Amino acid sequence: MRRGEIWLARLNPNTGAEAGKVRPVLILLNDVLLVTGMSPVLCIPLTSKLYKNLSGLRLKITPRGRLLKPCYAMPEQARALDLNRFGNAALATLTHEEMIQVERLFIATCGMVQYLTPPH
């Protein structure tokens, strides 16, 4: 498992508006921590649905590898999952540029937009 990979994960049980069921998730945790076998793993769930009112929060991820249809990253749904919730292998990997976009959306979602612009 590496940062930027997409894996299947079991998100149930969920509560309320939380993303649930078995779905692809993007690994967000730093590789330095991942190689230690650290659990839980910080990740961002993906969805195949794009709601117009949330389009500014979503990054489209095109099919590749074993990811068979377009998905959208949901940074506002980020969560930590135990290693036993993940499948056996990565489905796909995001590019460096895509990860930068996801990171920007995640930072903005967390209310830390001031860190996106370099200090003067």
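Start by selecting every cysteine: a search of the whole structure turns up zero disulfides, a disulfide being a pair of cysteine sulfur atoms within 2.5 Å. Click Cys-71, which is in no disulfide; its nearest cysteine sulfur, that of Cys-43, is 14 Å away. Cys-71 counts as buried, at 4% relative accessibility (buried is under 20% relative accessible area, exposed over 50%, partly exposed in between, with a 1.4 Å probe and protein chains only).

Now hop to Cys-110. Cys-110 counts as partly exposed, at 40% relative accessibility.

A quick word on what you're looking at: this is a predicted model, where local features need pLDDT of at least 70 and side-chain atom pairs count only at pLDDT 80 or more, while totals for chains, interfaces and linings use all residues. Residues are numbered from 1 along each chain as its sequence is written, and side-chain values use heavy atoms, leaving out hydrogens and water.

Next, select strand S1, residues 5–10. Helices (H or I, at least four residues) and strands (E, at least two) are DSSP runs, numbered from the N terminus. Strands pair if DSSP finds at least two bridges between them. S1 runs antiparallel to S2 (residues 22–27), joined by five bridges, and Ile-6 stands opposite Leu-26. Two bridges join S1 to S7, also antiparallel; there, look for Glu-5 opposite Thr-93.

Last stop: Thr-95, in the loop between S7 (92–93) and helix H2 (96–109). Thr-95 is partly exposed, at 36%.
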